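Here are my notes on this model, in the order in which I would raise them. Please read them with the structure open.

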Amino acid sequence: MEARIEKIKQQLQAQGYKLTPQREATLRVLLENEEDHLSAEDVFMLVKEKAPEIGLATVYRTLELLAELHVVEKMNFGDGVARYDLRGDTSKHHHHHLICVQCGAVDEILEDWLGPLEDRLAREFNFHVLDHRLDFQGVCHRCNNEESDKKSE
Ligand SMILES: [Zn+2]
Ligand SMILES: [Zn+2]
Ligand SMILES: [Zn+2]
């Protein structure tokens with residue numbers, strides 16, 4: 001966690017921004033809830049527990065700044081709420097999402113599965129992929145299990 005904060009701190013500094021205590025508090029909440037896709041309000045509620053003096057506008061501006069610097073990605077999973085998704089450390093491209101149309105769960109595939117496709121785009125289109133979004137809509141394993149439980153009853 002500290003190593004990642006340090007790395008993001010340097011990323012900010014390289015662009016001329018400081019990691020102020022408010023920004024750091026916001027960042028820590030994002031890191032602690034990495035597998036969740038929090039809305040600005042969610043982040044605000046969690047940041048407030050640690051830093052009660054912080055305002056929603058500050059949290060919102062911090063999230064926008066982090067999105068601009070590509071530390072987080074602003075996502076929309078179809079419920080009309082902007083959610084902030086921390087970019088992983090390991091892959092230079094954005095991870096993939098499995099979005100359940102029944103329960104609304106959003107699971108992540110952290111591995112980049114598009115490598116072969118990116119190679120092919122380079123070969124056939126002379127196109128160099130910098131990033132991508134891949135979200136699948138479907139029915140998750142939890143809902144599938146519930147379905148088969150019902151059938152076997
Ligand atoms: Zn995600
Ligand atoms: Zn990729
Ligand atoms: Zn589901």
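1. Basis. This is a predicted model: local features need pLDDT of at least 70, side-chain atom pairs count only at pLDDT 80 or more, and totals for chains, interfaces and linings use all residues. Residues are numbered from 1 along each chain as its sequence is written, and chains are lettered from A and ligands numbered from 1 in the order in which they are written.

2. Overall fold. The protein has six helices and six strands. Both are DSSP runs, numbered from the N terminus: helices are H or I with at least four residues, strands are E with at least two. Along the sequence the pattern reads α-α-β-α-α-β-β-β-β-α-β-α. The C-alpha atoms fill a box of roughly 55 × 50 × 30 Å along the principal axes.

3. Buried residues make up 14% of the 153 residues. A residue is buried if 20 or more other C-beta atoms lie within 10 Å of its own, exposed if 12 or fewer, and partly exposed in between, with C-beta atoms placed from the backbone. Two residues are in contact if their C-beta atoms, placed from the backbone, lie within 7 Å. Among contacts between residues at least 6 apart in sequence, 51% join residues at least 24 apart.

4. Core. The largest nonpolar core has 16 residues. Such a core is a set of buried Ala, Val, Leu, Ile, Met, Phe, Trp, Tyr and Cys residues joined through C-beta atoms within 7 Å. Leu 30, Val 43, Val 47, Val 59, Leu 63, Val 72 and Tyr 84 touch the most other members. Two or more residues come from each of helix H2 (21-32), helix H3 (40-50), helix H4 (56-68) and strand E3 (82-86). Beyond its neighbours within four places in sequence, Leu 30 contacts Val 43, Val 72, Tyr 84 and Leu 86.

5. H2 against H3. These helices pack at about 115°, with axes 9 Å apart. Axes are lines fitted to C-alpha atoms, for helices over the stretch in contact, and angles run from 0 to 180 degrees between N-to-C directions. Ala 25, Thr 26, Val 29 and Leu 30 in H2 meet Val 43, Leu 46, Val 47 and Lys 50 in H3. By class, the contact has six nonpolar, one polar and one charged residues.

6. Met 45. This residue lies in helix H3. Met 45 and Val 29 are 16 residues apart in sequence and 9.8 Å apart in space, C-alpha to C-alpha.

7. H1 (residues 2-14) reaches 18 Å from its first C-alpha to its last, close to the 18 Å expected. The expected span is 1.5 Å times one less than the number of residues. One of the 13 residues of H1 is buried, so the helix lies largely in the open. Gly 16 follows H1, with a positive phi near 85°. H6 (residues 141-152) reaches 16 Å, close to the 16 Å expected.

8. Which backbone angle is near 65° in His 70? Phi is, a positive value in a residue other than glycine. His 70 sits in the loop between H4 and strand E2 (72-76). It counts as exposed because it has 11 C-beta neighbours inside 10 Å. Asn 126 also is not a glycine and has a positive phi of about 50°.

Methods
Ala, Val, Leu, Ile, Met, Phe, Trp, Tyr, Cys and Pro count as nonpolar, Asp, Glu, Lys and Arg as charged, and the others, Gly among them, as polar.
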